[in-house]
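This briefing goes through one protein model by topic: sheet, cores, helices, aromatic pairs and loops. Please keep the sequence and the structure in view while reading.

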Amino acid sequence: MIFVPNEITDPRLNLAIETYLLREMPLTEPILLFYINEPAIIIGRNQNTLEEINLDYVKAKGIQVVRRLSGGGAVYHDLGNLNYSFIMPDDGNSFRDFAKFTQPVIDALQELGIEGAELKGRNDLVINDLKFSGNAMYATAGRMFAHGTIMFDSDIDEVVKALKVSPDKIASKGIKSIRSRVTNIKPFLPKDKQTMTTHEFRQNILLKIFGVTKLEEVKTYQLTTSDWQKINKIADELYRNWDWNYGKSPAFDIEKRRKLAIGIVDIRLNVVAGQIKDIKIYGDFFGLGEIADVEQHLVGVKYQPAALQSSLAAIDLQKYFGKVTVAELVDLLY
């Protein structure tokens with residue numbers, strides 16, 4: 001494994017670094033990237049940004065809003081969060097296998113004296129049923145990354161104020177607020193480590209993952225001037241781009257939303273003369289393909305169950321959504 005050192009705190013650049021490593025770095029062995037972001041909301045690839053954030057609060061506080069490549073839900077980052085990304089070839093079996101990539105993190109936490117961390121649900125790490133880490137994946141062109149955030153010493157009040165809680169998640173998890181289900185892990189450190197900073201925590205986790213005792217023993221790759229030129233180009237094309245981060249949301253006359261086993265699926269439709277004229281699919285599901293392919297496939301289809309079923313049966317739904325059936329989506333659409 002190779003570690004890429006990084007002290008940048010701009011989330012637009014950090015996501016661009018990750019994208020560059022995924023797209024262009026030779027993958028002779030897996031790559032590990034850590035990054036710590038200034039206050040930001042990182043939106044899942046298929047989410048409707050304006051429905052995930054408290055826009056007035058985000059604007060007033062100058063919080064960055066950046067859409068990532070991977071699916072899943074919105075997360076709040078600040079200087080008390082440690083974010084990690086494992087970048088590697090896609091072996092065809094690892095996508096959605098969150099246990100494979102979160103276990104090294106759990107093991108490292110245990111070596112630091114933090115007991116009880118475990119994977120729960122689709123993609124969350126918890127202690128005492130309190131979430132401290134959300135995880136997501138993205139795959140393209142035979143490569144993939146698995147990444148997540150660890151709430152080490154984050155400002156939970158800011159998490160609560162900056163994000164909106166979906167009513168679907170409240171209903172499904174029986175919760176009243178974000179605060180009631182999240183935690184930092186710093187309080188779970190042994191007493192002699194309670195003064196640890198986020199950067200010291202990062203160093204400790206790094207050493208544990210590599211199984212060494214000194215930073216000099218960690219195999220590293222330093223980004224070059226040429227690398228940075230390409231990284232900045234990616235940042236300009238995607239993560240500094242309003243259209244990518246927010247996206248244009250046309251007016252729709254039908255809205256269908258439901259929490260399925262794969263996550264929340266939110267579908268907006270324009271139906272004219274009994275046919276789908278326009279459609280937009282949002283959600284926090286994990287898909288491999290571009291959801292725009294599904295949207296385009298459904299444009300022009302008659303808005304009635306038999307036609308919807310026939311159209312959806314021609315798509316590899318697992319590729320785009322995960323384990324969902326044609327019947328589930330037809331029931332949601334109609």
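Helices (H or I, at least four residues) and strands (E, at least two) are DSSP runs, numbered from the N terminus. The model is predicted, and local features need pLDDT of at least 70, side-chain atom pairs count only at pLDDT 80 or more, and totals for chains, interfaces and linings use all residues. Residues are numbered from 1 along each chain as its sequence is written, and side-chain values use heavy atoms, with hydrogens and water left out.

**Sheet**

- Seven strands form an open sheet with mixed pairing, in the order β1-β2-β6-β10-β9-β8-β7; two strands pair if DSSP finds at least two bridges between them.
- The edges are β1 (2-4) and β7 (118-120), each with a single partner strand, so one side of each has no neighbour in the sheet.
- Direction ignored, neighbouring strands of this sheet are turned against each other by 25° on average.
- β7 and β8 are paired in the antiparallel sense, over three bridges.
- Lys120 has Asp124, in β8, as its bridge partner.
- Helix α4 packs on the sheet and touches β6, β7, β8, β9 and β10, where contact means heavy atoms within 4.5 Å.
- The direction of α4 makes about 140° with that of β9; axes are lines fitted to C-alpha atoms, for helices over the stretch in contact, and angles run from 0 to 180 degrees between N-to-C directions.

**Nonpolar cores**

- A nonpolar core is a set of buried Ala, Val, Leu, Ile, Met, Phe, Trp, Tyr and Cys residues joined through side-chain atoms within 4.5 Å. Buried means under 20% relative accessible area, exposed over 50%, and partly exposed in between (1.4 Å probe, protein chains only).
- The largest nonpolar core has 38 residues, of which Phe34, Leu109, Phe132, Ile185, Phe201 and Ile205 touch the most other members.
- At least two residues of this core come from each of β2 (31-35), β6 (81-89), α4 (98-111), β8 (124-127), β9 (130-140), β10 (143-151) and α7 (198-210).
- α4 gives the largest share of this core, six residues.
- Not counting residues up to four places away in sequence, Ile205 touches Phe34, Leu82, Ala108, Leu109 and Leu112.
- Another core, of 28 residues, lies apart from the largest one and has Ile87, Phe145, Leu223 and Trp244 among its members.

**Helices with one buried face**

- An α-helix has 3.6 residues a turn, so residues three or four places apart point the same way.
- Helix α10 (residues 291-298) has Ile291, Val294, Glu295 and Leu298 as its buried residues.
- Down the axis of α10, these buried residues fall within an arc of 100°, so they line one face of the helix; the arc is that of the directions from the helix axis to the C-beta atoms.
- The cover over the buried residues of α10 includes β13, α11 and α12.
- In α13 (residues 326-333), the residues Leu329, Val330, Leu332 and Leu333 are buried.
- The buried residues of α13 keep within an arc of 160° when seen down its axis, so they too line one face of the helix.
- Against these residues of α13 pack β11 (254-260), β12 (263-272), β13 (275-283), α11 (305-313) and α12 (317-321).

**Aromatic pairs**

- Rings of Phe, Tyr and Trp (its six-membered ring) pair if their centres lie within 6.5 Å; planes under 30 degrees apart count as stacked, over 60 as edge-to-face and the rest as tilted.
- The count by this rule is nine aromatic pairs.
- Tyr239 and Trp244 have ring centres 6.4 Å apart and planes at 85°, so they form an edge-to-face pair.
- Tyr239 is buried at 1% relative accessibility, and Trp244 is buried at 18%.
- Trp242 and Tyr246 have ring centres 5.5 Å apart and planes at 10°, so this pair is stacked.
- Trp242 is partly exposed, at 49% relative accessible area.

**Loops**

- Arg96 sits in the loop between β6 and α4, is partly exposed at 29% relative accessible area, and has a phi near 75°, a positive value in a residue other than glycine.
- Asn128 lies in the loop between β8 and β9 and is exposed at 60%; its phi, near 55°, is a positive value in a residue other than glycine.
- Ala141, in the loop between β9 and β10, is exposed at 76% relative accessibility.
- C-alpha to C-alpha, Ala141 and Asp90 are 8.4 Å apart in space, and 51 residues apart in sequence.
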